[in-house]
Every structure is written in C-alpha cells, then in structure tokens.
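These entries record what I looked up in one structure.

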Amino acid sequence: MPEPASSGRKVLAVTLRISSAAAALLRKDSPREEKLRFTAGEHALPAAEEVTVLFFLALDTDAEIHGSARKRLRDVPLAVLADAVACRTLHPRVLDALARLHYRYGELATQIAVHPNCDDGTRAFLAERGIAAAVEVTTVHPVHTTEHQPQDEEPAEEDDETVDEESEQFKSKYQLAQVMGVAEKIKIAQTGDKEWRMILIKDSNKLVSGTVIRNPRITESEVLAIVKSSIQNDEILRVVCASKEWLKNYQIRKALVENPKTPIHSALRLLTTLTEKDLSHLAKSKNIQTVLSTQARKLLIAKKEKR
C-alpha cells in the first residue's frame with residue numbers, strides 16, 4: 001500500500017463520519033484480536049466503511065495488523081471497491097489510497113477522479129496515468145489539512161427511493177455482477193447497497209440470493225417486493241417467515257400467504273392473522289393452494305359464529 005499523503009500536501013478537509021461499529025475497530029483500546037479478525041474478513045461492514053477501516057488499520061503501529069490490513073486492501077474485490085467509491089462521503093485519503101492501489105481498473109479510477117472528495121494530488125496521480133483525460137477535472141481550492149478522528153455515529157438509515165435501472169451506476173454494477181465469481185457476489189450481497197441487492201436477489205445461485213435477504217441494510221419495502229415476486233429461492237421465504245420484525249408488517253404477512261412457494265405450515269399460521277376482508281378474498285382465490293383457500297373459509301365461518 002502506498003504511504004498516505006505527506007503533511008505538506010493540500011487536501012480537502014473532510015470530516016470522517018463512520019458508524020459506531022466501524023469506530024470501535026479504530027479505537028486505541030480496541031482488542032488486537034478483533035482488528036486481526038476484521039482484516040482477515042471475519043466481520044462485515046458496508047463497503048465504504050470496510051475500505052475506510054482497512055485504510056486506517058494499514059497505518060497501525062502493530063506490524064501484523066498493518067500488514068494484514070494492507071494485504072486485504074490490495075485484494076478487495078472490484079465490486080466492493082465500486083460500491084465504496086459510489087459513497088459520496090468517502091474520505092479523500094481513502095480515495096487516494098484506492099487510486100494508487102487500483103488505478104489499473106480504468107472505470108473505477110475514472111469514478112475516483114470525478115469524486116467530489118478527490119483532491120488535486122490524487123487527480124494529478126491519475127492524470128499521469130491517462131485517467132483524467134476522459135473526465136473534466138475541476139479545480140479544488142486549497143484548504144489547510146485537518147486531521148479528524150473517527151466519530152461514533154449511527155449509520156444513516158437508507159431510504160426507499162426507487163432505483164433507476166437505466167442509470168449508468170446501476171448498469172455498471174449489473175455488468176460487474178456478470179463477471180464476478182460466487183465468492184465475490186456473496187461478499188457484496190452481505191453489505192451492498194439497494195442497487196446491489198436488487199441485482200443479486202435475482203442471481204441464479206441460491207447462496208448469493210439467500211445472502212441478500214440477510215443483508216442488515218435491507219428495508220421492509222424491499223422484503224415486501226421480494227415476497228411478492230416470483231422468487232425461485234425457497235430459502236429466502238423461510239428466512240422472512242422466521243423474522244419477528246418483518247412479520248409485524250401486515251402486507252408482508254399477506255404476501256407470504258399469497259406466495260405459492262411459502263412453506264405451507266408458515267402460510268397456514270399467517271393466515272390466522274389476516275382480516276376478514278382478505279380472508280374472504282383468499283377463500284375464493286384460485287391463485288393459492290387449495291388447503292389455504294379451504295382454511296380461509298373455515299376461519300371466516302368461525303369468526304361469524306363468534307358474533
């Protein structure tokens with residue numbers, strides 16, 4: 001890994017903002033074993049935080065920690081790098097390290113060059129390698145370099161904005177997914193953003209799509225859309241059926257009952273939680289299993305007899 005920018009270099013002053021989980025790994029009193037486990041890939045963090053923590057651990061005074069962190073930073077899968085660089089708040093020093101380590105990935109290097117936090121020194125490095133020729137390089141006004149310590153902060157909650165499948169960013173990720181190996185896909189499925197989740201949930205490999213549903217960043221609206229779709233991986237529906245949090249959502253419970261791939265014992269259990277209006281509809285439906293429509297009729301009769 002290249003050495004970080006010298007103190008005489010002018011860079012953007014950007015506050016480092018990371019979650020409490022990431023900050024815990026960078027504290028001086030953080031257990032050495034935990035840091036080594038992270039550099040060995042045993043702990044998952046969102047892509048931008050992963051490369052950020054690896055960057056700072058690569059500066060650790062412990063030879064084994066910084067050696068392990070530098071090796072892993074060199075070996076980060078392209079999909080993870082792309083997801084990290086897509087983060088608009090990535091720190092300039094991290095961008096510089098990624099540029100120097102991975103400039104041979106032309107498209108990735110171009111994304112670094114146009115990143116709002118990319119400083120003049122990094123752009124100059126990329127320009128020397130022909131990267132900036134394809135982009136419009138804007139002038140960054142010099143400011144005094146400021147050291148910022150990692151701050152404990154909960155990660156921002158991801159919103160449910162619609163993903164634009166026609167955007168260049170989405171298409172780029174989709175193209176990357178076509179050439180990634182299963183191990184790389186599983187890695188990005190664990191922590192990837194909404195675009196990655198939308199792409200990998202449809203992957204033909206059940207290990208990949210099954211990992212997406214366990215991504216800690218996945219939202220209820222995404223889960224609902226998945227349950228409503230003609231998903232081929234039965235394991236995904238089992239995971240949803242086992243989640244107490246997701247089952248608090250009425251629409252998810254209803255969608256599970258209506259999905260023919262939901263395990264029948266789970267669908268029967270959830271059927272009892274639906275309203276009379278929905279039971280009435282399901283009792284007449286030919287799109288669900290007969291046992292469910294029959295049970296829906298029985299539940300309706302029982303409800304009427306209690307009145």
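**Aromatic pairs and charges over rings**

I searched the whole structure for aromatic pairs and found two; rings of Phe, Tyr and Trp (its six-membered ring) pair if their centres lie within 6.5 Å, and planes under 30 degrees apart count as stacked, over 60 as edge-to-face and the rest as tilted. Phe 55 and Phe 56 form an edge-to-face pair, at 5.1 Å centre to centre with 85 degrees between the planes. The ring centres of Tyr 103 and Phe 125 are 5.6 Å apart and their planes stand at 80 degrees, so this pair is also edge-to-face. I noted that the latter pair links distant parts of the chain, 22 residues apart: Tyr 103 is in the loop between helix H6 (92–102) and helix H7 (106–113), and Phe 125 is in helix H8 (residues 120–128). Helices (H or I, at least four residues) and strands (E, at least two) are DSSP runs, numbered from the N terminus.

The model is predicted: local features need pLDDT of at least 70, side-chain atom pairs count only at pLDDT 80 or more, and totals for chains, interfaces and linings use all residues. Residues are numbered from 1 along each chain as its sequence is written, and side-chain values use heavy atoms, with hydrogens and water left out.

I then checked burial, where buried means under 20% relative accessible area, exposed over 50%, and partly exposed in between (1.4 Å probe, protein chains only). Phe 55 is buried at 1%, and Phe 125 is buried at 10%.

I also looked for charges over rings (NZ of Lys or CZ of Arg within 6 Å of the ring centre and within 35 degrees of the ring normal). Arg 129 lies over the face of Tyr 103, 5.2 Å from the ring centre. Arg 72 lies over the face of Phe 38, at 5.0 Å from the ring centre.

**Overall content and core**

I recorded 18 helices and two strands. Of the 307 residues, 47% are buried. Among contacts (heavy atoms within 4.5 Å) with a separation of 6 or more, 61% are between residues 24 or more positions apart.

I looked up the nonpolar cores, which are sets of buried Ala, Val, Leu, Ile, Met, Phe, Trp, Tyr and Cys residues joined through side-chain atoms within 4.5 Å. The largest has 84 residues, and those with the most contacts inside it include Val 51, Ile 213 and Leu 271. Helix H3 (residues 47–57) gives the largest share of this core, seven residues. Not counting residues up to four places away in sequence, Ile 213 touches Ile 218, Val 223, Ile 226, Ile 236, Val 239, Val 240 and Trp 246.

In helix H16 (residues 264–271), I found Ser 266, Ala 267, Leu 270 and Leu 271 buried. Seen down the H16 axis, they fall within an arc of 140 degrees, so they line one face of the helix; the arc is that of the directions from the helix axis to the C-beta atoms. They pack against helix H14 (234–241), helix H15 (250–258), helix H17 (276–284) and helix H18 (290–306).

Leu 36 is in helix H2 (residues 32–39) and counts as buried at 18% relative accessibility. Beyond its neighbours within four places in sequence, Leu 36 is in contact with Glu 64 and Ile 65.

**Cysteines**

I found zero disulfides, a disulfide being a pair of cysteine sulfur atoms within 2.5 Å. Cys 87 is partly exposed at 23% relative accessible area, whereas Cys 118 is buried at 1%.
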